[in-house]
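Please look at the sequence and the model below before reading on. The text then goes through the structure part by part.

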Amino acid sequence: MARETMVVKEILPDRIVLERDRTSMCGKCPANMMCTGEAQKVQLVVEKNYPDLEPGDVVLVETPAVSATRVAFVVYTIPTLLFIAMVIATVKLAGELLAFFLGLISVAVYFLALNVYDRRFRKKFKPRILSVIERAKPAGPSNDASLRR
């Protein structure tokens with residue numbers, strides 16, 4: 001699990017928008033302007049589990065460590081191999097056009113199963129706020145005295 005500090009940007013009714021500056025690693029990447037544009041901020045939306053947060057608070061956020069290679073394999077490689085295997089297995093039995101459509105149907109069924117899995121285990125992979133590190137500094141003293149006569 002990766003832990004990082006972020007600043008509360010906005011409080012929504014059931015979610016909190018967090019923000020942090022991009023790391024120096026992004027500045028060294030040749031594609032950083034394509035990836036982020038001019039904005040060098042990362043935003044993250046998490047469930048509201050701390051009711052007393054205010055914009056400007058600094059919080060510690062835990063994000064689950066998920067292997068990018070494993071995710072790419074599950075999302076890209078398995079469906080491709082499934083499509084190819086289905087087409088090869090059914091082309092002699094059903095013809096090319098039907099084999100193509102059976103390959104597409106098998107990939108659609110795979111993604112539906114992946115969607116059911118994702119809904120069931122989604123909470124394990126959601127980022128969450130662990131603690132409040134620093135409260136937002138209150139605005140300076142108001143100048144109410146000058147308004148009163």
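**A walk through the model**

Phe 83, Phe 100 and Phe 101 form one aromatic cluster. The model shown here is a predicted one.

The protein chain contains 5 helices and 5 strands. Read from the N terminus, the elements follow the order β-β-α-α-β-β-α-α-β-α. Of the 149 residues in the protein chain, 20% count as buried. The protein chain exposes about 11,300 Å², and carbon and sulfur atoms supply 62% of that area.

Start with the strands. Strand 1 covers residues 2-11, and strand 2 covers residues 15-21. Strand 1 and strand 2 form a hairpin, with 3 residues between them. The two strands run antiparallel and are joined by 4 bridges. Two of the facing residues can be found by eye: Val 8 stands opposite Leu 18 in strand 2, and Ile 11 has Ile 16 in strand 2 as its bridge partner.

Which strand is joined to strand 1 by 6 bridges? It is strand 4, residues 58-63, and strand 1 and strand 4 also run antiparallel. Here Val 7 stands opposite Val 58 in strand 4. As a general point, the side chains in a regular strand alternate between the two faces of the sheet.

Strand 4 also holds Glu 62. Is Glu 62 buried or exposed? Its relative accessible area is 8%, and because buried means under 20%, Glu 62 counts as buried. Glu 62 also shows how the fold brings together residues from separate places in the sequence: Glu 62 and Ala 2 are 60 residues apart in sequence, yet their C-alpha atoms are 5.6 Å apart in space.

Now turn to the helices. Helix 4, residues 96-121, has 26 residues. From its first C-alpha to its last, helix 4 reaches 38 Å, close to the 38 Å expected at 1.5 Å a residue. Which residues of helix 4 are buried? They are Ala 99, Gly 103, Ser 106, Val 107 and Tyr 110. An α-helix has 3.6 residues a turn, so residues three or four places apart point the same way. What covers the buried residues of helix 4 includes helix 3, residues 68-94.

Thr 90 is a residue to look at in helix 3. Thr 90 has a relative accessibility of 13%, so it counts as buried.

How many aromatic pairs does a search of the whole structure find? The search finds 3. One of them is formed by Phe 83 and Phe 100, with 5.9 Å from centre to centre and 90° between the planes, which makes the pair edge-to-face. The pair links distant parts of the chain, as Phe 83 is in helix 3 and Phe 100 is in helix 4, 17 residues apart. Phe 83 has 24% relative accessibility, so it counts as partly exposed. Phe 100 is also partly exposed, with a relative accessible area of 37%.

Tyr 110 and Phe 111 form another edge-to-face aromatic pair, with 5.6 Å from centre to centre and 70° between the planes. Why is Tyr 110 counted as buried? Tyr 110 has 17% relative accessibility, and because the limit for buried is under 20%, Tyr 110 falls within it. Phe 111 has 34% relative accessibility, so Phe 111 counts as partly exposed.

Methods: Residues numbered from 1 in each chain as written. Predicted model: local features only at pLDDT ≥ 70, side-chain atom pairs only at ≥ 80, totals over all residues. Heavy atoms only, no water. Pairing = 2+ DSSP bridges. Expected span 1.5 Å × (residues − 1). Buried < 20%, exposed > 50% of the residue type's maximum accessible area, 1.4 Å probe, protein only. Contact = heavy atoms within 4.5 Å. Phe/Tyr/Trp six-rings, centres within 6.5 Å; stacked < 30°, edge-to-face > 60°. Areas by Shrake-Rupley, 256 points an atom, 1.4 Å probe, with all protein chains shown as cover.
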